[in-house]
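Visitor: I have a model open and would like to go through it with you. Can we put it up on the screen?

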Amino acid sequence: MKYQQLGRSGLLVSRTCLGTMTFGNDAWGCDAAESKKLTDAFVAGGGNFIDTADLYANTVSESILGDVLQDHDRDALVVATKCWFPQAEEPNARGLSRRHIISACEASLRRLKTDYIDLYQFHGPDPYTPIDESLAAMSDLISSGKVRYAGLSNFHGWQVVQANEAAKRAGITTLISGQYLFNLLRRDIERDILPACRSEGLGVICWSPLASGFLSGKYRGLDKPPEGSRFDQMGKVLLPRFWNIKTVALVERMAAMADELGESIVAVALAWCMAQPGITSVIAGASKLSHLEPQLRATDITLPEAMLTELNATLPCDMGYPHDWYQVAGAMTFPADHIRVP
Ligand SMILES: NC(=O)c1ccc[n+]([C@@H]2O[C@H](COP(=O)([O-])OP(=O)(O)OC[C@H]3O[C@@H](n4cnc5c(N)ncnc54)[C@H](OP(=O)(O)O)[C@@H]3O)[C@@H](O)[C@H]2O)c1
């Protein structure tokens, strides 16, 4: 296992993070016993970074993880969770108000059966609460010792910059991480979010690095997902997000690459993510123990340059304007032979 500092912080996290969205999910996840096996094997394999959220399995994921943590050295682990999604019908039990952030954090601490959360993340942006209010609440949680570091998830690039400025005003040195959808099929964050995180000093943790299982190759040769599978149950969201003629072709090509390397498609998909500049850790999900082995191996794989080049070129992010404008106009205005880049 390899470790990297998360953003501009001293916090070392394993490059593979254990995703726990499956824990306690009756429809397409795993029960408490399998969740324990997964966590035990992940830690035994050198992983120290575990991600959950109050949202997952209606808080059951946090409760299961809390039980499992009792059998581990809590201080050797980096436990991340999130708030933002509705926790009750009442209008204040959601979003990023001071009131909700503090009560959601206290509820997560109770379920996780721990005194502190290493990384507390805003799960999404709140269009109604001033960002200074949210970061002031986060700052108080850090001062009280309930939270060690702050991060965010699913914010636009401009919101990352805005939130980081608010963090500094609130007395938090900076936010340390952004958690984003990123994999070989969905590279949207390359447009604005990765540059924003890089310039603000946030490490990026990517979710669904295996495209929710599509990049495991388990749907190869099928016209539609098998009944009861995650892609069947979550088809409305996952099919348009990941499944089309181009992504099917890419998985076939990845299968050939994996064969050539003597690795699995999973390991190739995760190694590609880890090779991208700015990516600190990949949060892979698993619903059974056998899923974990290639995920843990991925940190030790260096993809050959030719494979990286081909994978980078296959389904690139459509950068659009103003990137395409700058490519032309920037080259005219700042020609490489006139401007010396320091
Ligand atoms: N911040 C956010 O908004 C956000 C959103 C989503 C997720 N997340 C985080 O990201 C984590 C990962 O998300 P994800 O579950 O979508 O990630 P993923 O890694 O893209 O997909 C995980 C799924 O891939 C399949 N899989 C994994 N390893 C496999 C293997 N070796 N062989 C065959 N199949 C394999 C399994 O599918 P089956 O179970 O179907 O077999 C597994 O449940 C979550 O647990 C959560 O912590 C965050």
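Visitor: Where does Thr59 lie?

Guide: Thr59 is in the loop between β4 (49-51) and α2 (60-69). Helices here are DSSP runs of H or I with at least four residues, strands are runs of E with at least two, and both are numbered from the N terminus. This is a predicted model, in which local features need pLDDT of at least 70, side-chain atom pairs count only at pLDDT 80 or more, and totals for chains, interfaces and linings use all residues. Residues are numbered from 1 along each chain as its sequence is written.

Visitor: What is phi of Thr59 near?

Guide: Near 80°, a positive value in a residue other than glycine. Most residues other than glycine have a negative phi.

Visitor: And why does Thr59 count as partly exposed?

Guide: Because Thr59 has 17 other C-beta atoms within 10 Å. Buried means 20 or more other C-beta atoms within 10 Å of the residue's own, exposed means 12 or fewer, and partly exposed is in between, with C-beta atoms placed from the backbone.

Visitor: What about Ser208, buried or exposed?

Guide: Ser208 is buried, with 24 other C-beta atoms within 10 Å. Its phi is also positive, near 50°, and Ser208 sits in the loop between β9 and α7.

Visitor: Where is Leu210 found?

Guide: In the loop between β9 (203-207) and α7 (230-233). Leu210 counts as buried because it has 27 C-beta neighbours inside 10 Å.

Visitor: Which residues is Leu210 in contact with, leaving aside neighbours within four places in sequence?

Guide: Asn183, Leu215, Ser216, Val266, Ala269 and Ala284. Contact means that the two C-beta atoms, placed from the backbone, lie within 7 Å. Gln295 is 85 residues from Leu210 in sequence, with 9.9 Å between their C-alpha atoms.

Visitor: Changing topic. Which peptide bond is cis, with omega near 5°?

Guide: The one from Tyr321 to Pro322. Pro322 lies in the loop between α12 (305-314) and α13 (323-333).

Visitor: Now the ligand. How many residues surround it?

Guide: The ligand is surrounded by 30 residues, with Gly19, Met21, Gly213, Gly285 and Ser287 the closest.

Visitor: What is the shell like by class?

Guide: The shell has 11 nonpolar, 16 polar and three charged residues. Ala, Val, Leu, Ile, Met, Phe, Trp, Tyr, Cys and Pro count as nonpolar, Asp, Glu, Lys and Arg as charged, and the others, Gly among them, as polar. β10 (279-284) and α11 (292-297) each supply at least two residues of this shell.

Visitor: At what angle do α3 and α4 pack?

Guide: Helix α3 (residues 98-112) and helix α4 (residues 131-143) pack at about 30°, with their axes 8 Å apart. Axes are lines fitted to C-alpha atoms, for helices over the stretch in contact, and angles run from 0 to 180 degrees between N-to-C directions.

Visitor: Which residues meet there?

Guide: From α3, Arg98, Ile101, Ile102 and Cys105; from α4, Glu133, Ser134, Ala136, Ala137, Met138 and Leu141. They divide into seven nonpolar, one polar and two charged.

Visitor: And the chain overall, how many helices and strands?

Guide: It comes to 13 helices and 10 strands. Of its 342 residues, 44% count as buried.

Technical notes. A residue is near a molecule or strand if its C-beta atom, placed from the backbone, lies within 6 Å of it.
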